[in-house]
Amino acid sequence: MLKPPEHQVAGHRANEGQLGPLIDGTGRFYKPLQSDSRGEHEVAFYSSFSSDPRVPSHVRSFFPGFHGTQLLPASDGSGPRPHLVLDDIFSSIPRPSVIDLKIGACTWPPNSPDNYLMKCLRKDQETTSLVLGFRISGLRVDSASGLYKPGKKDVKNYTAGDVKRVLKKFVSSNPDSSSDPDCAFAAVVYGGSEGVLAQLLELKAWFEDQTLYHFFSVSVLVGYRRDEVGSMRPLVRLVDFSHVVEGDGVIDHNFLGGLCSLIKFISEILIEPDEKFSSGGCLEESKRTPQLGVENGVLEE
């Protein structure tokens, strides 16, 4: 039976009257194709990428497995609609903690229509994309006290000063507490030879050389299960490829810059997990956060 994925933290959720992704409980994830060229574009990317011999196998493991397309009843009741058939990357993790991180200071691809470009630019300016090179699009933390899942409005209003605190909450046993995040799981989720930082550095090594693709508006998804931390490798995956374009022999500085910025935040949490937050809150924290500018799509401190 098809149903909305419980681990979805960003984007449109499949509800009555609303189009969204579905899972079947057997390890498959069904993403409805967008009706414009973006849907066809994403299918073309998956088809090309999954068979491209220039992509190392260890890099391909960061991407969901692709199983073609399938005509399925749309979740909004509009009738049959083609869906991408992908691996449900969190099917092996019941009640996962998940965070969605949109990478890049610029989230629109070249030659975008003016109205779409302005829409993306406005969102990049209103969130932390432009100043940090990435933004948090959503998260859920399955803690001992229950599920912590900030609302869309709260997530949209995160400032540069909020980002480190939220990244700490994601690996804390007290994410919904008014006290400082305890970072109880930081070392085993973010650190270690198979932790999030190590995996991001592995991705970074590829992006420092690859000139095949430029990834616009792509997310890094991170997931783990609280009662299995330390015994199971945290999952790091890239998702959402409707705006990927050919690299034409040029390094993707936009994505690489945002990835490096995220790596810096994770590294700082591992170095100083007990750093306290002053009573000044986000304002004080933002004063300590490096402000990154963008020139020609390249992040600069």
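Helix 3 (114-126) and helix 5 (152-156) each supply at least two residues of a positive surface patch; helices here are DSSP runs of H or I with at least four residues, strands are runs of E with at least two, and both are numbered from the N terminus. The model is predicted, so local features need pLDDT of at least 70 and side-chain atom pairs count only at pLDDT 80 or more, while totals for chains, interfaces and linings use all residues. Residues are numbered from 1 along each chain as its sequence is written, and side-chain values use heavy atoms, with hydrogens and water left out.

The patch is formed by K119, R122, K123, K149, K152 and K156. A patch is made of residues with over 30% relative accessible area and no salt bridge, like charges being joined within 9 Å and nonpolar side chains (Val, Leu, Ile, Met, Phe, Trp, Tyr) within 5 Å. Helix 3 gives the most to it, with three residues. K156, in helix 5, has a relative accessible area of 47% and is partly exposed; buried means under 20%, exposed over 50%, and partly exposed in between (1.4 Å probe, protein chains only).

The whole structure holds 21 aromatic pairs, where rings of Phe, Tyr and Trp (its six-membered ring) pair if their centres lie within 6.5 Å, and planes under 30 degrees apart count as stacked, over 60 as edge-to-face and the rest as tilted. One of them is the tilted pair of F45 and F63, at 6.5 Å centre to centre with 40° between the planes. Because F45 belongs to helix 1 (residues 37-49) and F63 to the loop between helix 2 (57-60) and strand 3 (66-73), this pair ties together parts that are 18 residues apart in sequence. F45 is buried at 5% relative accessibility, and F63 is buried at 6%. F215 and F255 form another tilted pair, 6.0 Å centre to centre and with 55° between the planes. That pair links strand 8 (residues 213-215), which holds F215, to helix 9 (residues 253-271), which holds F255, across 40 residues. Both F215 and F255 are buried. One aromatic cluster includes F45, F63, F215 and F255, and among its other members are W206 and F241.

Charged side chains also join separate parts of the chain. There are 14 salt bridges in the whole structure, each a side-chain nitrogen of Lys or Arg within 4 Å of a carboxyl oxygen of Asp or Glu. D142 meets R95 in one of them, at 3.0 Å from N to O. Since D142 lies in strand 6 (residues 134-143) and R95 in the loop between strand 4 (80-87) and strand 5, the contact ties together parts 47 residues apart in sequence. D142 is buried, at 7% relative accessible area, whereas R95 is partly exposed at 48%. D142 also forms a salt bridge with R226, at 3.4 Å from N to O. Here strand 6 is linked to the loop between strand 9 (218-224) and strand 10, 84 residues apart.

D240 belongs to a network of salt bridges with K31 and E42, and this residue sits in the loop between strand 10 (235-239) and strand 11 (244-246). Most residues other than glycine have a negative phi. D240, however, has a positive phi of about 75°, and C183 has one of about 50°.

Terms used:
Areas by Shrake-Rupley, 256 points an atom, 1.4 Å probe, with all protein chains shown as cover. Lys, Arg positive; Asp, Glu negative; His and termini not counted. Charge placed at Lys NZ, Arg CZ, Asp CG, Glu CD.
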